[in-house]
Structures are given as C-alpha cells and as structure tokens.
Amino acid sequence: MMSNLHDVIRLEGFLSRQEVCMEAGNQSTSDIVLEGVRKRFELAKGQVIDAVEHVDLNIAGGEFIALIGPSGCGKSTLLRMVAGLETPSHGQIKIAGQTPNECIKQQKLGIAMQEHGLMPWLSAWDNIALPFRLAGLPVDIDRVHELLALVGLDEFANALPKQLSGGMKQRVSIARALALEPQVLILDEPFGALDAVTRRLMNNELQRIWSRKPTTTILVTHSVEEAVFLADRVCLMSPRPGRLALVEPITLERPRSLETMQTAEFRNLLAKLTAALDEVCMSAPAQ
Amino acid sequence: MYVGTCPVNFISEALKWVVGLGMLFVLWEVAGQQSWLGKALPPLSSIVSYAMEPRSYELLMRSASITASNALYGFLIGSIVGWAIACSGQIWPPMKKGLDTLSTFVNAIPLIALGPLLIVTVGEQSTPMATAALAVFFTVFVAVLGGFERVPSVHDDVIRTYGVTRWRALCFIEFPNALPSLIDGLKLGASSAVLGAILGEWFGAPAGLGVLIVSAMQNFQINLLWSAAFLGTAMSGIGFFVLALLQQKLLPRLGW
Amino acid sequence: MVRQSLSRIWSRYWGIFLLVGLWQLFVSVNNLNTIVAPSPQAVVLSLLNNADYFAAEALRTTLTASGGLALGLLLGFVIACLSWTAPSLSGVLTPMALLIRSIPIVAFVPIIVRVAGYGTHTVLIVTTFLSFFPCYVFALSGFQEVAQVRKDFCCSLGCSTSGFRGWRFFRHVAMPSAVPNILTALRLLAPTALLVALVAEFLIGTDGLGYVMIRARSDMEMDKSWAAALLASALSVLFFVIFSYLDKKYRNNWQA
C-alpha cells in the first residue's frame with residue numbers, strides 16, 4: 001500500500017515535469033539515459049586509467065543538468081561521451097532511445113565549449129549559419145536572425161570574432177549551438193574563460209535563453225554558483241575513479257533572475273554543495 | 001596514449017620514403033630507357049656508370065671538393081655574420097630596426113643580381129664563397145631573431161627586476177633560449193650554402209660544380225650534368241644530416 | 001614634424017644608406033672607371049636614360065615570375081586538395097617535397113633547361129616547378145591543422161572530417177583555415193620565384209632582366225648590367241613588401 005502511494009507520487013512528479021515541457025510547446029526534446037557508463041584510457045603498455053567509472057543517470061526531457069566536480073574527475077569525458085565524441089568502454093548512453101552517434105547524424109545535438117571554436121574568418125552571422133552549411137541544409141535566414149536577436153547581438157551580425165568581446169563570442173557560440181534546433185544542448189564550461197562579472201551576466205542570459213525553450217541540457221562547470229543558478233539538478237562527480245558522488249535537485253523557482261542569488265534558499269544550496277565539493281576534493285587520493 | 005604507437009609510425013614513415021623514392025627511381029630509369037623526355041633525361045644507370053669512369057670520377061671529385069670548401073667557408077662566414085648581426089640588434093636596440101630592414105633588403109636581392117657586384121669587390125675567385133655566405137646569412141639571422149622573440153616574458157621580467165645588463169642577459173638568457181632555433185636555421189642554411197656556392201661559380205670562377213654544370217649544359221654533356229647535380233644534392237644532404245644529428249645529440253645534453 | 005619623420009626614416013633605413021655610401025666610397029677611393037665598377041650615379045643615369053627598355057624587360061621578368069608562381073600555387077593547391085581526400089597520395093608526395101626542399105634546386109636550372117629546351121616557356125616551367133612543392137606543403141598542412149575544438153564542433157553536427165564524405169567540412173572549415181598558410185607560402189616564395197626567373201633568363205639568354213645583366217656585361221656596358229641588377233633587386237624587394245603586406249593584412253582576420 002505504502003509503496004503504491006510512493007509510486008503514485010513519483011508518477012505525479014514525472015507527469016508534472018512532462019506537463020511543463022508540453023506547456024513550453026516543446027515535445028521535441030529528448031530524455032537521456034546513462035547506464036553503467038565507464039571510460040578507460042590506455043596510457044602506455046598495460047597502464048590504464050579509468051576516467052569515468054560506472055555512472056548511472058536518467059535525465060528527463062527538458063531537464064537542465066549541471067555536472068560539477070574537481071579538475072580531472074571525468075566530467076568533461078562524460079560530456080564528450082554524451083556528445084558522441086568519445087565512445088564508452090562499458091555501458092551505454094541512449095538519447096531518446098538512440099545512440100549519441102545516431103543523434104549526431106540527425107543533427108539532434110548542439111554543442112558549445114570553453115574555447116568558443118568560432119571560425120575567425122566568418123562574421124557572427126555566418127558563424128551561426130555554419131551548422132546549416134555543414135549539415136548540407138539550406139540556410140534558414142530567419143532562424144539565424146532570430147538567434148542573433150535572441151543572444152542580443154543583432155547589431156553585430158557582420159562583426160568578425162576578433163571584433164567581439166569574450167562574452168559576445170560565447171553568445172555567438174551558444175547561438176550557433178542552437179541553430180539546428182537541437183534536442184540536447186551540451187555545454188562544456190562555456191563561460192570558463194570569462195571574468196566573474198561577465199560570467200554572472202552570461203548565466204542570467206543563458207537562463208533567459210533556455211527558459212524561452214527548455215531543451216535537455218548538460219552543463220559542465222567549475223562554478224557551484226553557476227550550477228545552482230542554472231540547473232534543475234546538480235550532479236557532483238568525485239575524482240579517481242570518476243563517479244557520481246551526489247545528485248542534488250534544485251527547487252528554486254523559475255524564471256530565475258539575479259535576485260534569485262540573494263535568496264536564503266539559493267545560499268543554502270550553494271553552501272551545501274560547496275561543502276560537498278570540498279569534501280570530495282579532500283578525500284580524493286593524491287595524484 | 002601515443003607511447004606505444006611510436007615505432008609503428010617510424011616504420012610506416014620510413015616505408016613511405018622508400019616507396020616514394022623507389023617509385024621515383026624506377027620511373028626515372030624507365031623514362032630514361034624509353035627516352036620519354038628526349039636525350040636530356042638519361043636512365044639512372046647510365047649516369048651512375050658515367051660517374052664511375054675514372055676520368056670523369058676524378059673531374060667530378062675535384063670540382064666537388066672546390067665547391068664543398070666554398071660552401072663550407074661561406075656557411076661559416078654567413079652564419080657567424082647572421083648571428084652577430086642578430087645579437088648586436090639585441091645589445092643595442094636603437095640599431096635593431098635598421099638592421100632588420102637591411103637584412104630583409106639584402107635577402108630580397110636575388111643572388112644572381114649580386115654577381116656583377118661581387119666579382120668586382122671580392123674578385124671572381126672568392127665570389128662563390130661570398131654568395132654562399134649571403135645565402136646562409138639571412139636564414140640564420142631570421143632564425144636567431146625568432147629564437148630571441150621566443151624568450152618567455154617571465155624571463156624578461158626576471159631580467160628587468162634584477163637589473164641585469166643587456167650583455168649578460170644575452171649571454172645567459174636570450175642566447176641559450178635561441179639555440180634550438182639557431183640550429184634549425186643552420187639546417188636550412190646547409191642547402192642555401194651549396195646553392196650559393198654553385199651560383200657564385202657561374203660568374204667566372206675557375207673551377208667547381210657550378211662551372212661544370214654550366215659548361216655541361218652548353219656542351220650537351222648530359223651525363224656530366226646529372227652527375228654534377230647529384231653531387232651537389234648529396235653535399236647539401238650531408239650538411240643537413242650532420243646538423244640534424246647535432247640537433248638530436250647536442251640539444252638534449254644542454255637540457256632541451 | 002619633418003624632423004621626426006626624417007629620424008624615423010633614418011632609424012629604419014640607415015643600413016641601406018650605409019650600403020650606398022660604401023659603394024660610392026669604394027668606387028671613388030679605388031678610382032675605378034665605369035667599365036670595372038660604375039658609381040651609383042652612373043647606374044641611376046643608365047636606368048633613367050634607358051627607362052623604356054628597362055621597363056619592358058622588367059615587366060617581362062615580373063610576368064614570368066608571377067605567372068610561374070600563380071601556376072605553381074594552383075597546382076600545389078589542387079594536388080593538396082586531392083592529398084587531403086586520399087592520404088596515400090600525400091604519403092608519397094610529402095617525402096618528395098621535403099627532399100626537394102633540401103636540394104639546392106635553383107642551381108639545377110640548367111638541367112631543366114636541357115630537358116625543356118631554350119625559350120621563355122622554360123623559364124615559366126622552372127618557376128612553376130619550384131613554386132609547386134612549397135605551396136603544396138603549406139596548403140596541405142593548413143588543411144590538416146584545424147583546431148580540435150573546431151573538429152569537435154563539426155563532428156557534433158554529424159559532419160565527417162576526413163575523406164570524400166568530409167567535403168563539406170573541407171569546403172567550409174579546412175580550406176578557409178589554410179589561407180594564412182598559403183599567404184605565408186606566397187610571401188616566402190615571391191622573391192624566390194623572381195630569383196628563379198632571373199637565373200633561368202641569365203642561363204637561357206632570350207630576354208628579361210636576367211638576360212640584360214649578362215648581355216650588357218659581355219658588351220662591357222657595366223652601368224647597364226648593374227642597373228639591371230639593381231632593378232631586379234628593387235623588384236624582388238617590392239614583391240616581398242607586397243606579399244608581406246597581404247600576409248599581415250589578411251592574417252589578422254584569421255585570429256579569433
């Protein structure tokens with residue numbers, strides 16, 4: 001009886017999640033299932049290193065997940081496996097029932113990294129149009145303009161990357177990731193190279209962009225503040241071997257704004273996760 | 001990650017060279033036998049047997065040794081001058097800009113255009129040495145300057161905070177930092193020296209490979225022409241190889 | 001204002017003034033007559049008196065050199081594109097290109113002359129042949145050196161980054177990435193192309209500045225010969241300056 005009740009509550013929770021997605025007019029976003037995922041690198045003869053050891057994680061469609069953890073804990077490797085840039089040694093990753101490689105072929109992924117990787121010879125506009133060209137699709141001119149407006153760079157359509165500031169480049173990079181309306185957005189420290197103030201503003205910006213159309217997102221970051229501010233759930237990874245040490249749901253109301261960071265709830269979550277991160281760092285075996 | 005694959009890469013790299021060169025030589029022999037390019041491209045075998053004949057062998061070796069000594073002296077003079085000029089710009093910064101312009105200008109002058117000038121100033125005998133030196137000079141100059149620029153700015157700060165003199169900074173920080181780049185420049189200079197020596201010999205030098213090449217061209221001595229060319233190539237190849245060996249053996253010992 | 005710009009010119013070009021000064025000094029002190037070594041004025045006068053003649057010859061040389069350079073670039077670029085899709089081709093061509101780099105090839109122009117015959121077309125062939133390999137190497141390495149982030153980005157869009165299936169990647173990412181490399185190749189090759197054209201003209205003796213240099217000398221018109229050499233040097237410097245400017249200007253747009 002009791003267990004049935006639990007099931008009902010869980011089911012309700014699940015439904016409400018789905019309803020949120022429906023309300024946002026967004027059925028095309030995918031859930032991600034990681035099952036016993038492991039990645040082993042061979043260093044030299046006989047020497048191996050487990051970058052990621054056994055990760056199980058279910059990500060609902062339209063959920064924003066943040067991965068935090070000390071350097072070298074395998075969070076970027078995990079992200080690269082979801083993005084299909086590495087293959088897991090064991091276990092499997094399914095995005096809406098498909099492997100990452102299948103998703104890649106159908107252009108269901110959008111990716112933005114710390115190094116923006118913009119093409120320096122292309123204007124902001126052309127950089128955002130590039131995914132269409134690389135995928136062999138006709139460039140959707142309206143979509144490109146819409147994205148430029150979304151990231152607030154409509155006046156810089158013709159600017160080359162070198163003429164843009166660090167924050168602007170990252171905005172272009174995020175707009176480029178969104179160009180083909182991906183079902184999963186993958187962000188690897190997108191603001192890692194920015195100064196603290198710009199970074200905070202960019203977080204707010206990303207929150208606004210994401211709220212317009214909540215896409216399943218995985219964000220890797222060093223900043224606990226960033227993770228708490230943006231995510232629905234924060235996953236803390238421990239190093240050597242890389243495992244999930246803690247998964248913390250973030251119940252802060254959306255839409256969030258810079259004021260959200262002043263609330264007690266935010267501060268408490270931040271303190272809790274920071275303490276957990278410190279503990280993971282200190283208990284990790286020395287290199 | 002890459003440690004284990006190293007020997008395989010080396011073997012496949014070597015294989016590529018062997019296959020590439022082998023194909024070239026076979027193609028050459030066939031082209032020569034069938035005289036696809038007329039009489040001007042004899043088969044390899046006929047070039048080799050010509051070069052091995054005692055009379056031509058002796059002629060070739062005599063010319064080659066003259067060219068080799070021209071190239072060697074030119075190489076030494078050129079690299080010392082290139083190095084010294086790069087250093088003097090470093091010691092006395094106001095001179096630097098002018099030295100850069102001068103060197104770029106001298107480098108841009110085609111060697112062949114310098115011939116008329118050199119035969120008057122240094123004489124026909126020494127022209128090959130001078131052209132070889134000029135050809136080497138710029139490569140070394142650029143390499144040393146590039147090496148100086150690669151000194152990490154942290155070192156620059158160290159120099160400044162300790163109030164080290166320019167001269168000492170050059171000896172103890174800048175020059176050691178520029179060493180790998182200098183040897184790279186010298187490696188490229190090896191073939192420039194041979195080129196310079198051969199070109200210089202076209203301006204009325206009494207003997208040498210350059211003289212041989214031009215007279216063989218004019219007199220249609222095809223086998224002689226090709227043999228001389230091969231000797232020149234071998235010469236610059238040996239120079240390159242020796243310097244590459246130096247780079248591999250010496251640099252690690254100095255901590256690079 | 002005037003003073004400032006004068007001192008700027010002096011600090012940049014003092015080396016060249018010094019060179020001209022030494023030349024004048026050398027001629028005056030040794031009291032040489034024009035047949036041995038003409039003075040700077042004599043050379044400039046000869047240039048001005050025969051302006052039309054020199055302009056025509058200079059134009060001829062420039063056209064041959066830039067034509068050969070353009071052909072070599074085109075050929076190198078096309079073959080580098082093919083090599084990118086079929087790595088086995090680059091496996092054979094790259095060692096050959098490296099080998100050719102260590103050969104003093106300009107000195108072997110006589111051989112090409114012997115194979116291709118006497119005539120302007122040979123000058124063009126020689127220049128093309130010499131420009132081809134460096135262009136090929138620079139273009140190919142440009143194609144291959146796409147930063148990992150950019151490759152990852154393309155992979156994440158399901159766009160292949162190698163072989164025939166990667167042609168979209170090649171067209172939109174790899175090819176534009178190679179532009180700075182190609183500019184560098186042109187900057188380095190421009191003076192060489194001119195040198196090669198001059199050497200070929202000098203040896204073949206049909207027309208162009210290289211021919212004027214040797215012809216005037218055998219006619220004992222030293223001022224004319226030196227004027228041709230001076231003009232050739234000026235052209236070479238001009239080539240270098242133009243391509244350095246292009247390199248600098250466009251390279252900037254390739255830095256993110």
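Student: Which residues of α4(A) are buried?
Tutor: A:A124, A:W125, A:N127, A:I128, A:A129, A:L130, A:P131, A:F132 and A:L134 are the buried ones in α4(A). Buried stands for under 20% relative accessible area, exposed for over 50%, and partly exposed for what lies in between, with a 1.4 Å probe and protein chains only. This is a predicted model, in which local features need pLDDT of at least 70 and side-chain atom pairs count only at pLDDT 80 or more, while totals for chains, interfaces and linings use all residues. Residues are numbered from 1 along each chain as its sequence is written, chains are lettered from A and ligands numbered from 1 in the order in which they are written, and side-chain values use heavy atoms, with hydrogens and water left out.

Student: What makes helix α4 of chain A mostly covered?
Tutor: Nine of the 11 residues in this helix (residues 124–134) are buried. They pack against α5 (141–150) and α6 of chain A, and also against α7 (148–155) and α8 (167–177) of chain C. Packing here rests on contact, which means heavy atoms within 4.5 Å. Just after α4(A), A:G136 has a positive phi of about 75°.

Student: How many helices and strands does chain A have?
Tutor: Chain A has nine helices and nine strands. Helices (H or I, at least four residues) and strands (E, at least two) are DSSP runs, numbered from the N terminus. In chain A, 53% of the 287 residues count as buried.

Student: And how many helices and strands are in chain C?
Tutor: Chain C has 11 helices and zero strands. Its radius of gyration is 23 Å, well over the 18 Å of the globule rule for 256 residues, so chain C is more spread out than a compact globule. The radius is taken over C-alpha atoms, and the rule is 2.2 Å times the number of residues to the power 0.38. The C-alpha trace of chain C spans about 75 × 55 × 30 Å along its principal axes.

Student: Why does C:C81 count as buried?
Tutor: C:C81 counts as buried because its relative accessibility is 17%. C:C154, at 0%, also counts as buried.

Student: What makes C:S233 count as buried?
Tutor: C:S233 has 7% relative accessibility, so C:S233 counts as buried. C:S233 sits in helix α11 (residues 222–251) of chain C. Not counting residues up to four places away in sequence, C:S233 touches B:I109, B:P110 and B:A113.
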